[in-house]
Amino acid sequence: MSTTQSRLTGSANDPRIKARYRKEKRFKAYTIAALFTAFAIIVAFFTDIISQGYTAFWRAEVNVTLDYNERAERIGRFALAEDMRDIASRGAVRSIPLEIKNNPELAGTTRQTWVPAYSRIDQYLKGREELPPELARQVDAMVEAGTIRSSFNWAFFTSGDSKLPELAGIFSAAVGSVLVLFVTLVFAFPIGVMSAIYLEEFAPDNKLTQAIEVNINNLAAVPSIIFGLLGLAVFIGTFGVPRSSALVGGLTLGLMTLPIIIISTRAALRAVPDPIRLGAFAMGCSRWQVVRDHVLPLSLPGILTGTIIGLAQAMGETAPLIIVGMIAYIPDAPSSIFESATVLPAQVFTWASEPRKAFVEKTAAGIIVLLAILLTLNATAVFLRRKFERRW
Amino acid sequence: MGIGLTTLLLLAALAPLGFLAYRLGRGKALSAMAAGISMHSRPQQYGWYSVVWMGLPALGVAIAAGLLSLFGVISPARELVLIVSLAIALLGLAQGLRAIRPEVRARNALDGVIRWLLLSAALISIVTTVAIVLSILFEAMRFFREVSVWEFVTGTVWSPGDTFLEAAGRGDEVGENTSFFGSVPLFAGTFMVTAIAMATALPIGLLSAIFMSEYASHRQRGFAKPILEILAGIPTVVYGFFAAITVTPIIVDIAAFFGLDASYSNILSPGIVMGIMIIPFISSLSDDVINSIPQSLRQGAYALGTTKSETIQKVILPAALPGVISAFLLGVSRALGETMIVVMAAGVRPNLTWNPLEDMTTVTVSIVYSLTGDLAFDSPQTLSAFALGLVLFIVTLSLNLVSTYLVRRFKQKYD
Amino acid sequence: METELTNDTATEARQTMTQGVDNDNGPSQKERPEVRMRARDLNLWYGSTQALHDINLDMYSREVTALIGPSGCGKSTFLRCLNRMNDLIPEVRLEGRVELDDEDIYDHSVDVVQLRTHVGMVFQKPNPFPKSIYENIAYAPRLHGTGTSRAELDALVESSLKRAGLWNEVADRLDTPGTELSGGQQQRLCIARAIAVNPEVILMDEPASALDPLATATVEELIHELKDNYTIVIVTHNLQQAARVAGYTAFFHMGKIVEFSDTDTLFTNPTEQRTEDYITGRFG
Ligand SMILES: Nc1ncnc2c1ncn2[C@@H]1O[C@H](COP(=O)(O)OP(=O)(O)OP(=O)(O)O)[C@@H](O)[C@H]1O
Ligand SMILES: [Mg+2]
């Protein structure tokens, strides 16, 4: 090559060509840089959230002696030794008067037990907050002595919201999320699948059908907060559905999820090849029998995939739920769809607006749980699609 | 009786009746067939046929009664509705059974019923849209009865504040004109945050799309695409937290480094984070569009001796422009309606400024703050949310229509 | 059922009909067999373009009628008219009559679904349902209630597969998916599936064109045997195939029937120049 300086290689030294190649390289570098910026953002994002939140899965506990004395019968805090009152959580001893009332034989006894530490102690041990030097020394000594330990924070998963960060958990929000999604699913799945079947398998190509189609596509692009306004005006205002309830939240999200389910179900139905329909028609199936016996079974995985993705989206939605009042303070899990409830993302939102620093960790931990659930849902959808995907 | 209880009772009564109707209808058809009469349809279909006769008119009457009382035309007692519906169900059952004859095409009748059911389901989406438009329009009208449209559109002061005093029972302490509903500062904030978001999302999204569709190998593409999609699956409340807790302090620090003063609820931070959220929309839509440009166009350009980047810049991007514009408009529509990020990271103070380091508030933030807390449902502040929502709806709808129009035109050209 | 009620009138109609159609383009040499299906002045439009022009054709009972002609001349369109599969295509408009045993199948009182149980169809590309071989065949009888008990269905599956000449190859794997058979086997499965509905007429649109020569021979043999029990209408591009399996052949060109007669005559002694040109390979 180098020996034969030909017409094809010779111009490599032409400055104009060189400039063009430099530009070429630069342009490609820009595109790569853009992609890597996006990747870097993703990595930074997840690192940030996880590093802020992972500590919330552990909490400090103190070993205290509970003294069921007379004063503790009225105010639980008095069951604690005086030097423990700033270290153990106020919430942990709140129920002592009730305990004594229910079990009078407890009165006068003492008991050694582990209780959650006050959130500032917890934060201090996690290196997130300062303590007054004296208190800090006491805590350090207790850690040394083994009377303060760090253990897995089960309460974060098993208890509801609390004004005390060390006691706050996601349980009631998780229950609320389940109830809301249940309503969403029950509402949007049948209607969405039926609409899609109509549009894909039954509808004649007329003005009404076109109107429905245009409408569905536009509905999918309406900002979610508008659905909140709709839910407020129609479900709460007109139909009198209880405000803040899982029912109103679920219906609102249902309307929002409907277009997603319709669009993905239509795609799944469309993927069933026509020869199968024709074969069924040719042996005397009615249109509904073709759909029921042949098209639906084959498109079911696709329909489920789309539904899961729609539900995942509904699960992460906050704005419309705020509008219909689902940011109430809910310490106890709702037991029906008519009770006031909150959902995971709304819980994240309420914690995020808490000024106390200990809640930052909770917020981030709530986000980690939320993201884990969403990731699982989406992974399930991808798995379903991979597993049942057919190449016709 | 409450509506819920009535519905429950009705359904509880109709369920066994339905079962009965099915058994009787099928039984009648079966015995006819046993007697050697050839029936048009299958016995099960006659069973369902009588179920439809039993249930459909009864449910129809119940729903009609419900709707009538909902819109206040007449409100019959729920007990009455229940009894009438059940009577109609029984009549329907009798009639359905009587109607079962060899030549009756139960299957065709069922197909018709199913078709209508499916159509009604499909109409629900239209009903939803109509409900959105009507409900928002209705509340917005009430708002505009108290606040002039002119003030709303041109006013530069947004201060619905006195309702707070009213709520505190001190409504009479404030004069008539202490609340202002000039929406310009809100729209300025929304415009600012959208501009910042698009300035972030467009270059990153578009260039990533170009890399994925023009430079990346098959494997790189299969790897990069889903990773970018992760961004689309993150809930907005999480972005909001990220903006408020992480990005805002960074921006304040950087601004301080340059000797600038940035607010802790500056509009730049939610704007950038919103841009991050929109990256996958831009990249995947642009990627689709670029991929659907026929190979022949590229080959034509290469045949003239252009380099890859020249081909992309001079041939592919111009051809893909309508699609890219459409992706851009969809992104804008997203940004306009985005709520959580701004609620969590932007300010609440209406502020008319060009400086992105200052705090500004947006339309969606105002909507949220007008509707949270214990406000009377018909106070001007509450109603203002619907007026803002109306504008938001109209704007995003128009953007979406233009965007789909552009895509359709583009697709027609290259299909 | 309706057919039973109208039987007498039908016989009358048939008599008047046969007189009326004497000088239509029917075959004249052979003795005339019973007509099972008949198209009269059939015109069909896809939107505004006309695909069939004044088609008149008799299809005889227990005979194979082949439709030949250049691509796009309307053979498939005509075939789909015979069991109203065209109803599924939007924008199709049709004029004229198609009769099955003298009953107009386009009469508004006709139940399309039931018509298709009398007139079955086999497609160009085999399209077994993605279910087991057994289910492919048992599906329709179960749906139509012609076979209900397991024993009945078993017998029906076996006899259909036997008649389709597939039994020996699949008897021991009835529960494997039909889609896992070879192309030729799939096509015979589709034929067996059509037979299981117990139709009177079977329409076949290029049933062997997606098959290799060996599988084609098997399918042709099968068609030849089926002819004893069914009326068969087959579209084919393969003139040898038409000559081998069909008793009668119609030559379509540009949406019209150019010539119709018994196969021997059509291939050896066509009356029309265009037929001659086509079968000698001068166009098409
Ligand atoms: N669904 C349809 N919509 C519109 N036009 C159609 C449709 N199907 C067929 N046609 C047109 O009708 C004419 C006849 O088509 P048809 O499929 O009947 O031809 P054919 O004789 O079966 O051809 P081939 O031998 O290629 O299968 C053609 O011009 C075709 O373009
Ligand atoms: Mg054809």
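Which domains is chain A divided into? Then take me to ligand 1: which of the residues around it come nearest?

Analyst: First, the ground rules. This is a predicted model, in which local features need pLDDT of at least 70, side-chain atom pairs count only at pLDDT 80 or more, and totals for chains, interfaces and linings use all residues. Residues are numbered from 1 along each chain as its sequence is written, chains are lettered from A and ligands numbered from 1 in the order in which they are written, and side-chain values use heavy atoms, with hydrogens and water left out.

Chain A has domain 1 (2-54), domain 2 (57-160) and domain 3 (171-388). These bounds come from an automatic or database domain assignment. Taken over C-alpha atoms, the centres of domain 1 and domain 2 of chain A are 58 Å apart. Chain B splits into domain 1 (3-121) and domain 2 (180-414). Their C-alpha centres are separated by 51 Å.

Now to chain C. It has eleven helices and ten strands. Helices (H or I, at least four residues) and strands (E, at least two) are DSSP runs, numbered from the N terminus. Chain C has 284 residues, and 54% of them count as buried. Buried means under 20% relative accessible area, exposed means over 50%, and partly exposed is in between (1.4 Å probe, protein chains only). A contact means heavy atoms within 4.5 Å. Take the contacts in chain C with a separation of 6 or more: 68% of them join residues 24 or more positions apart. The accessible surface of chain C is about 12,500 Å², and carbon and sulfur atoms hold 47% of that. Such areas come from the Shrake-Rupley method with a 1.4 Å probe; for residues, only the protein chains shown count as cover.

Next, the close look. There are 13 residues around ligand 1, and the nearest are C:Ser71, C:Lys75, C:Ser76, C:Thr77 and C:His237. Here a residue is near if one of its heavy atoms lies within 4 Å. Helix H2 (residues 75-82) of chain C gives the largest share of this shell, four residues. By type, the shell has four nonpolar, six polar and three charged residues. Ala, Val, Leu, Ile, Met, Phe, Trp, Tyr, Cys and Pro count as nonpolar; Asp, Glu, Lys and Arg count as charged; the others, Gly among them, count as polar.

Oxygen atoms of ligand 1 also make polar contacts, as follows. A polar side-chain atom of C:Ser71 is 2.5 Å from one oxygen atom of the ligand. For C:Gly72, a polar backbone atom is 2.8 Å from a ligand oxygen atom. For C:Lys75, an N or O atom of the side chain lies 2.8 Å from an oxygen atom of ligand 1. Taken alone, ligand 1 exposes 630 Å², and the protein buries 60% of that. A polar contact is a pair of N or O atoms within 3.5 Å; within protein, one must be able to donate a hydrogen and the other to accept it, and residues adjacent in sequence count only if both atoms are side-chain atoms.

Follow the chain past H2. The loop between H2 and strand E4 (92-100) of chain C holds C:Arg84. C:Glu91 lies in the loop between H2 and E4 too. Most residues other than glycine have a negative phi. C:Arg84 has a positive phi, near 60°. C:Glu91 has a positive phi as well, near 75°. Their cover can be compared with the cut-offs above. C:Arg84 counts as buried because its relative accessibility is 11%. C:Glu91 counts as exposed because its value is 64%.

Last, some spots in the other chains. B:Ser125 sits in helix H4 (residues 106-146) of chain B. With a relative accessible area of 1%, B:Ser125 is buried. Beyond neighbours within four places in sequence, B:Ser125 contacts A:Ile212, A:Asn215, A:Ile216 and A:Leu219. In chain A, A:Gln347 belongs to helix H14 (residues 344-352). A:Gln347 is buried, at 2% relative accessibility. Neighbours within four places aside, A:Gln347 is in contact with A:Asp161, A:Gly169, A:Ala173 and A:Thr342. Chain B has its own helix H14 (residues 363-371), and eight of its nine residues are buried. Among them are B:Val363 and B:Leu371.
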